[in-house]
Amino acid sequence: PGPNNAVQAATESKPVDDALTALRDKTEALRAECLKYHLDSYKADDWAVAETSRSAGLAAYGSDYDLAKKSFEDAIAKYEEIRKNSYEAIAAELEAALVAAREAAVKVGADGYYPEQFGLADSAARDSRTLRADGKNAEAYDMAQIALLRYQTLTKGREALALKQKVDQNGFVQYDAESYALADSKYGEGLSSYGTADAAALEAMTESCGLYAKVNNAGF
């Protein structure tokens with residue numbers, strides 16, 4: 001081969017090293033974080049560019065070192081840009097959601113009826129804001145989700161008690177005693193899971209509401 005072909009062959013045959021592997025792994029980690037928090041939906045065009053660069057890097061990995069390196073670097077830069085811009089948009093949405101969820105809980109009297117549990121929800125919301133201020137956006141997002149679950153669980157708890165009271169006042173237990181007992185059990189499960197398994201707590205409290213409503217429907 002001529003000199004140019006020799007250079008090209010040498011470039012293509014350059015072995016994969018730790019530096020290139022680190023670039024690949026960073027690309028995959030950034031992409032996974034973006035997908036976890038649904039950041040791909042905020043900047044669709046930029047996401048497509050990042051995905052193209054990533055695909056080119058993976059295709060060249062092990063066969064064209066320089067192309068793989070540049071492609072991964074381009075993908076990393078684009079994913080980081082998407083992450084930064086998207087988290088700013090998400091922060092505003094999360095703050096609005098936290099305020100609305102807290103107001104809904106206060107409206108049904110959850111702050112007075114469950115003072116300790118309500119304090120845990122407020123604490124999670126404060127922690128989320130602190131993390132966001134420190135630039136820890138992913139952690140702030142996760143903590144905000146916990147706060148939302150807690151506010152929502154307490155709101156559902158108050159709704160469940162209101163439905164239970166209606167059942168008791170009207171003597172409707174006789175029409176579906178099994179659902180009534182299960183509703184009581186789910187309510188207790190929701191309270192016991194609160195603060196440690198918040199997603200499960202909300203699910204149980206939501207089921208409790210549905211079961212009490214079922215008993216009321218049967219009675220009416």
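## Cysteines

C34 is a buried residue, its relative accessible area being 0%. C209 is buried as well, at 7% relative accessibility. The model, which is predicted, holds 0 disulfides. In general terms, a disulfide is a covalent bond that joins the sulfur atoms of two cysteines.

C34 also belongs to the set of α2 residues that form the contact with α4, and that pair of helices is described next.

## Packing of α2 with α4

Two packed helices are described by the angle between their axes and by the distance between those axes. For helix α2 (residues 18-36) and helix α4 (residues 65-107), the angle is about 30° and the axes are 9 Å apart. An angle under 35 degrees counts as roughly parallel, and α2 and α4 are therefore roughly parallel to each other. Their crossing is left-handed.

On the α2 side, the contact is made by A19, L20, L23, R24, K26, T27, L30, R31, E33 and C34. On the α4 side, the contributing residues are Y65, A68, K69, F72, E73, A75, I76, Y79, E80, R83 and Y87. By class, the residues of this contact comprise 12 nonpolar, 1 polar and 8 charged.

K69 is situated in helix α4. With a relative accessible area of 32%, K69 is partly exposed. Leaving aside residues up to four places away in sequence, K69 touches L20 and L23, both of which are among the α2 residues of the contact with α4. The C-alpha atoms of K69 and T21 are separated by 9.2 Å, although these residues stand 48 residues apart along the chain.

H38 is placed in the loop between α2 and α3. The phi angle of H38 is near 60°, a positive value in a residue other than glycine. H38 is partly exposed, and its relative accessible area is 49%.

S53 lies in helix α3 (residues 44-60). Is S53 buried or exposed? At 15% relative accessibility, S53 counts as buried. Apart from residues up to four places away in sequence, S53 touches S71, D74 and A75. Of these, A75 also takes part in the contact of α4 with α2.

## Packing of α4 with α7

Helix α4 also packs with helix α7 (residues 137-170): the two axes come within 9 Å and cross at roughly 20°. α4 and α7 are therefore roughly parallel to each other, and α4 passes α7 in a left-handed crossing.

Which residues make this contact? From α4 they are Y87, I90, L94, A97, L98, A101, R102, A104 and A105. From α7 they are N137, A138, Y141, A144, Q145, A147, L148, Y151 and T155. The contact has 14 nonpolar, 3 polar and 1 charged residues. Y87 of α4 is listed in the contact with α7 and also in the contact with α2.

## M143 in α7

M143 is found in helix α7 and counts as partly exposed at 23% relative accessibility. When residues up to four places away in sequence are not counted, M143 touches A124, D127, S128 and L131. M143 and G219 are 76 residues apart in sequence, and their C-alpha atoms are 41 Å apart in space.

## Packing of α8 with α9

The crossing of α8 and α9 is left-handed.

The α8 residues in the contact are S179, Y180, L182, A183, D184, K186, Y187, E189, G190, L191 and S193. Those of α9 are D198, A201, A204, M205, E207, S208, L211, Y212, K214 and V215. In this contact, 11 residues are nonpolar, 4 are polar and 6 are charged.

From C-alpha to C-alpha, T196 and G135 are 26 Å apart in space, and they are 61 residues apart in sequence.

Technical notes. Residues are numbered from 1 along each chain as its sequence is written. This is a predicted model: local features need pLDDT of at least 70, side-chain atom pairs count only at pLDDT 80 or more; totals for chains, interfaces and linings use all residues. Side-chain values use heavy atoms; hydrogens and water are left out. Axes are lines fitted to C-alpha atoms, for helices over the stretch in contact, and angles run from 0 to 180 degrees between N-to-C directions. Helices (H or I, at least four residues) and strands (E, at least two) are DSSP runs, numbered from the N terminus. Angles under 35 degrees count as roughly parallel, over 145 as roughly antiparallel, 65 to 115 as roughly perpendicular and the rest as oblique. A crossing is left-handed if the near helix is turned anticlockwise from the far one by less than a right angle, and right-handed if clockwise. Contact means heavy atoms within 4.5 Å. Ala, Val, Leu, Ile, Met, Phe, Trp, Tyr, Cys and Pro count as nonpolar, Asp, Glu, Lys and Arg as charged, and the others, Gly among them, as polar. A disulfide is a pair of cysteine sulfur atoms within 2.5 Å. Buried means under 20% relative accessible area, exposed over 50%, partly exposed in between (1.4 Å probe, protein chains only).
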